[in-house]
Amino acid sequence: MQHDLISDRARALGLRTLKRAAGAVTRLVPITPPVLLVGPGSALRLGQAVAGFGHRRVLLVTDAVITQLGLAAPLAEALAAAGVQVVVFDGVTPDAPIPVVEQGLALFVAEKCEAIVAFGGGSVMDAAKVIGLAAANGKHPRELVGYFKGRHGPAPLYAVPTTAGTGSEVTVAAIISDPDAGQKMMVADSRLVPEMAALDPTLMTGLPPAITAATGMDALTHAVEAFISLWATPYTDRMALAAARMIWQQLPRAWQDGSDLDAREQMALASTYAGLAFTRANVGNVHAIAHQLGGRYHTPHGLANAIMLASVLRFSLPDAAPRLARLARHVGLAGKTELALAKKFVDAVQALNDALEIPRTLAALREEDLEALAAAACHEADFNYPVPRRMTPADCTALLRLVLSPTAQPAKAPAKRRAQRRPAASSKAVKASRSTK
Ligand SMILES: NC(=O)c1ccc[n+]([C@@H]2O[C@H](COP(=O)([O-])OP(=O)(O)OC[C@H]3O[C@@H](n4cnc5c(N)ncnc54)[C@H](O)[C@@H]3O)[C@@H](O)[C@H]2O)c1
Ligand SMILES: [Fe+2]
């Protein structure tokens, strides 16, 4: 085993150097951000714009909830009114499972579509990205997993996010899932960035509070992981800091009153800024763990990140305190030393979770799965993410153990450890009543 040959410390140092070098290289890859339309009605304006781009047949990729809510109807009508044939695929389900992507791909090919409008959350946008890339290259989605696996760029893609979380509307990545293997996989290619995106807050007013909270914490995780990344640049720092402050201020508002258009628009922008930050600087250990929880238990992506964020940041403190202190100052926290400030930030992240009624434990997590989940998370982090502090499988198992629900723990667990796993609520945040559920 590698561990017998090379010590963890030596591996960590080697990986750190390699990752810094990879960061210097990836900095040179050109990424063209999409044209952004922002504000109420911008989804309709995107439809009108796309109608002017000369596509004859467009695949509208969405999901059944969006169809039921009728959210995409004005955009589809604008396209149809301009003579563009709209083929609707509304079969996307959470985490873009491969069989679903295959269905969308078959429709795109059979209907000879020329472009794609993705209208939905991250699952819809990611399914659409892979449909377009697979169609352009005549490849199965599975063959595209990894970096730059397509020879040709995808069909033109336009995106309308309906959650404020993933930032997929500006990123080079698409996450798809293999339900049989219980795994999530990444397709990455700088040509996957949509050509145009609309951030329309009116589409988000019906998001239930639990989805608002989880997707908003996904965006915060992107901002924080990008900010503490070894690949951070002055540009990604600006985006990450702005996103973190906006989420800090606006997520509780959007959660309390879903119809607050200003809060919704600020969250949509913040999620896009966080996407711009992490598509360059990358994510980290929180995502490495969240992807395993999503693959194995179908835990919603944002929820998995939210549950892990504070404890992974606490683990990262020895190597990330100065950066976490900067984040703390930026969101308005005060403290005497850098370490004190950094710790305050971590505590405040947990308090934000508590205020948003995000659980501290994951009911689906099983004790017997911990080692395999930790091994897979460390593998993902080691090969992809420029983290400030590397996790060993033992570190990761310990972090996962913190979020085991009491009912999932072995009967013989000592009382003291049980108490540590489920700390008393430290949040002093006031839970205001919500007018929109
Ligand atoms: N490509 C990237 O850069 C990137 C980044 C982060 C996450 N992801 C991936 O994105 C996926 C998660 O996306 P997500 O968090 O946006 O969730 P999602 O797209 O899976 O949607 C979650 C739920 O919200 C519903 N929904 C969406 N918009 C709604 C609206 N406006 N009103 C009411 N209900 C609505 C959906 O129907 C679904 O049931 C995961 O697979 C994750 O790994 C991708
Ligand atoms: Fe994410």
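**Close-ups of a predicted model**

**View 1. Alanine 270 and its neighbours.** Leaving aside residues up to four places away in sequence, alanine 270 touches Ala219, Ala243, Met246, Ile247 and Gln250; contact here means C-beta atoms, placed from the backbone, within 7 Å. This is a predicted model, so local features need pLDDT of at least 70 and side-chain atom pairs count only at pLDDT 80 or more, while totals for chains, interfaces and linings use all residues. Residues are numbered from 1 along each chain as its sequence is written, with chains lettered from A and ligands numbered from 1 in the order in which they are written. Alanine 270 sits in helix α10; helices are DSSP runs of H or I with at least four residues, strands are runs of E with at least two, and both are numbered from the N terminus. Is alanine 270 buried or exposed? It is buried, because 29 other C-beta atoms lie within 10 Å; the cut-off for buried is 20 or more other C-beta atoms within 10 Å of a residue's own, for exposed 12 or fewer, and partly exposed is in between, with C-beta atoms placed from the backbone. Alanine 223 is 47 residues apart from alanine 270 in sequence, yet the two C-alpha atoms are 9.0 Å apart.

**View 2. Helix α10 from end to end.** The 21 residues of α10 (residues 261-281) should span 30 Å at 1.5 Å a residue, and the end C-alpha atoms agree, being 30 Å apart; the expected span is 1.5 Å times one less than the number of residues. Most of α10 is covered, with 19 of its 21 residues buried.

**View 3. Helix α13 and its cover.** With 18 residues, α13 (residues 338-355) reaches 25 Å from first C-alpha to last, close to the 26 Å expected at 1.5 Å a residue. Its buried residues include Leu341, Phe345, Val349 and Leu352. Among the elements covering the buried residues of α13 are α8 (209-227) and α12 (301-330). Glutamate 357 follows α13 and has a positive phi, near 60 degrees.

**View 4. Strand β2 and its partners.** Strand β2 (residues 57-61) has 4 of its 5 residues buried, so it is largely enclosed by the rest of the structure. Parallel to β2 runs β3 (residues 85-89), joined by 5 bridges; two strands pair if DSSP finds at least two bridges between them. Valine 58 has valine 86 as its bridge partner in β3. Another 4 bridges link β2 to β4 (residues 115-120), again in parallel, and leucine 59 stands opposite isoleucine 116 there.

**View 5. A three-stranded open sheet.** The 3 strands come in the order β5-β8-β7, with mixed pairing. At the edges are β5 (146-147) and β7 (173-178), each pairing on one side only. β5 runs parallel to β8 (residues 183-188), with 2 bridges between them, and glycine 146 faces valine 187 in β8.

**View 6. The shell around ligand 1.** Val65, Gly121, Gly122, Thr162 and Thr171 come nearest of the 31 residues around ligand 1, where a residue counts as near if its C-beta atom, placed from the backbone, lies within 6 Å. Two or more residues each come from α4 (64-69), α7 (122-137), β7, α8 and α12. Which element gives the most to this shell? That is α7, with 4 residues.

Terms used. Two residues are in contact if their C-beta atoms, placed from the backbone, lie within 7 Å.
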